[in-house]
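Subject: Structure for your review

Dear colleague,

Please find below the structure that I am handing over to you. My notes on it follow directly after.

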Amino acid sequence: MKSAISTIVNSRIHLNHSPLFRRSIFHRKPISLPPSLIRTTTSLTKNNSSSSSNFAPRIMASSFKPEHARAPPALPLPAPPLTKFKIGLCQLSVTADKERNIAHARKAIEEAVEKGAKLVLLPEIWNSPYSNDSFPVYAEDIDAGYEASPSTAMLSEVSRLLKITIVGGSIPERCGDRLYNTCCVFGTDGKLKAKHRKIHLFDIDIPGKITFMESKTLTAGDTPTIVDTDVGRIGIGICYDIRFQELAMIYAARGAHLICYPGAFNMTTGPLHWELLQRARAVDSQLYVATCSPARDEAGGYVAWGHSTLVGPFGEVLATTEHAEDLIIAEIDYSLIDLRRTNLPLSKQRRENMIKREKITREDRYKPEKKNPSFSSTLLDEIYRSTDDGTAKSPDLKFYRETMQKKTEQKQYCQQ
């Protein structure tokens with residue numbers, strides 16, 4: 001029966017494209033069908049006409065469940081300790097004098113607090129010139145304590161005395177025989193709450209413009225950093241990390257209210273990408289994005305773009321500055337996150353299951369001789385690699401890895 005109907009339909013589709021059919025469109029003879037087929041097609045037509053308004057929605061309702069598409073499911077946005085507060089972005093001038101840089105940063109933090117800031121963000125590499133030659137000279141052993149790390153000792157003391165949260169930009173960190181570009185977060189009690197090592201190293205080569213290879217001296221971190229503070233849940237990225245939306249999406253899925261990116265974009269990529277990427281990450285994740293750059297020094301070996309900025313969850317620039325040294329004080333209102341996510345419920349609509357399925361299908365279709373890694377491992381392997389050896393502390397990351405491993409094993413079993 002089905003084959004007969006298919007033959008008839010195909011023959012009519014074929015006729016629709018033939019010159020003979022087009023010439024005789026108003027004069028073609030009706031096609032005679034057997035009585036059995038007439039009864040069948042008539043009953044199908046009646047059933048479809050009577051339930052056409054309900055049939056398609058019923059299929060969609062059973063198959064389209066975007067709220068279950070994430071693995072693991074996105075966490076609900078946690079209630080922050082406070083809804084509104086002021087953030088201070090300290091766009092600092094940086095010199096070759098380390099002691100001066102530390103004292104200058106402290107003065108800027110104190111000024112931000114005087115103007116009402118509850119959270120202060122410093123620039124990337126604020127205690128040292130930004131160069132591969134300087135990183136080993138200015139690097140500090142953060143884990144060793146105060147004498148070995150005067151920069152973080154200052155941040156700890158100021159956060160405790162002033163009862164504020166500090167996202168301490170970044171400094172070169174020495175750990176064993178390795179160097180990292182590291183951001184430290186200090187709570188209102190002066191204790192180190194989190195330490196983020198730059199995941200994506202700044203290795204670029206734009207002929208005639210700029211060439212810089214952080215990997216010549218620095219080692220990449222391999223763990224995303226999200227921390228609960230007195231001013232909400234904060235995700236941390238450093239400069240080049242902002243180019244990778246997967247990291248921001250992880251933070252959003254883990255309930256971050258704000259992502260802080262201390263960064264030092266240059267005069268080539270800064271004018272084109274700096275604000276664009278900030279707004280993109282804010283719009284993608286529907287949360288706040290704060291960035292802080294060093295001030296521009298035209299005589300320096302590396303010339304920073306500046307333009308430290310706060311962007312809202314709708315992609316709106318709430319506060320910014322130019323290239324000179326400056327202090328930005330701006331208000332953050334977390335209630336706007338809920339409002340924007342209600343207006344545009346992207347987290348409930350994102351079809352990640354479809355994206356992963358399409359990725360696997362495309363690989364199997366075009367590269368059958370080589371089985372590529374799954375969607376998660378190709379895009380996020382560097383980020384989640386720490387879960388393989390059990391060093392990751394976050395249960396969410398472990399659960400994610402275990403879930404994806406089970407899906408991969410299930411797919412391999414089905415292929416057998």
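I begin with Y130, which is buried at 10% relative accessibility, where buried means under 20% relative accessible area, exposed over 50% and partly exposed in between, computed with a 1.4 Å probe on protein chains only. Please note that this is a predicted model, in which local features need pLDDT of at least 70 and side-chain atom pairs count only at pLDDT 80 or more, while totals for chains, interfaces and linings use all residues. Residues are numbered from 1 along each chain as its sequence is written, and side-chain values use heavy atoms, with hydrogens and water left out.

**Aromatic residues**

The structure holds 10 aromatic pairs; rings of Phe, Tyr and Trp (for Trp, its six-membered ring) pair if their centres lie within 6.5 Å, and planes under 30 degrees apart count as stacked, over 60 as edge-to-face and the rest as tilted. One of them joins Y130 to Y302 in a tilted arrangement, with 4.6 Å from centre to centre and 50° between the planes. This pair links distant parts of the chain, since Y130 is in the loop between β2 and α5 and Y302 in the loop between β12 and β13 (309-311), 172 residues apart. Helices (H or I, at least four residues) and strands (E, at least two) are DSSP runs, numbered from the N terminus. Y302 counts as buried too, at 13% relative accessibility.

A further pair is formed by F265 and W274: the ring centres are 4.8 Å apart and the planes stand at 45°, so this pair is tilted. F265 is buried at 4% relative accessibility, and W274 is buried at 2%.

Y130 and Y302 also belong to one aromatic cluster, which includes F135, F202, F212, Y240 and F244.

Two rings carry a charge over them; a charge sits over a ring if NZ of Lys or CZ of Arg is within 6 Å of the ring centre and within 35 degrees of the ring normal. The charged end of R197 sits over Y180, 4.0 Å from the ring centre, and that of R340 sits over F314, 4.1 Å from the ring centre.

**Helices α4 and α6**

How do the axes of α4 and α6 cross, and at roughly what angle? The axes of α4 (residues 98-114) and α6 (residues 150-162) come within 10 Å and cross at roughly 20°. Axes here are lines fitted to C-alpha atoms, for helices over the stretch in contact, and angles run from 0 to 180 degrees between N-to-C directions. The two helices are therefore roughly parallel to each other, given that angles under 35 degrees count as roughly parallel, over 145 as roughly antiparallel, 65 to 115 as roughly perpendicular and the rest as oblique. The crossing is right-handed, a term used if the near helix is turned clockwise from the far one by less than a right angle, with anticlockwise giving left-handed. Contact (heavy atoms within 4.5 Å) is made by residues including I102, A105 and I109 of α4 and S151, M154 and L155 of α6.

S151, found in helix α6, is buried at 0% relative accessibility. Leaving aside neighbours within four places in sequence, S151 is in contact with K98, I102, W126, N127, E140 and I171.

A112 lies in helix α4 and is likewise buried, with a relative accessible area of 0%. Not counting residues up to four places away in sequence, A112 touches G88, A117, V120, L327 and I329. A112 and K86 are 26 residues apart in sequence and 9.3 Å apart in space, C-alpha to C-alpha.

**Backbone angles**

Most residues other than glycine have a negative phi. I125 has a positive phi near 45°; this residue lies in the loop between β2 (117-121) and α5 (134-138) and is buried, with a relative accessible area of 3%. Q286, also not a glycine, has a positive phi of about 55°. Q286 is in the loop between α8 (270-285) and β12 (288-292), and is buried at 6% relative accessibility.

**The chain as a whole**

The secondary structure comes to 13 helices and 15 strands. Buried residues make up 43% of the 416 residues in the chain. Of the contacts with a separation of 6 or more, 68% are between residues 24 or more positions apart.

Yours sincerely
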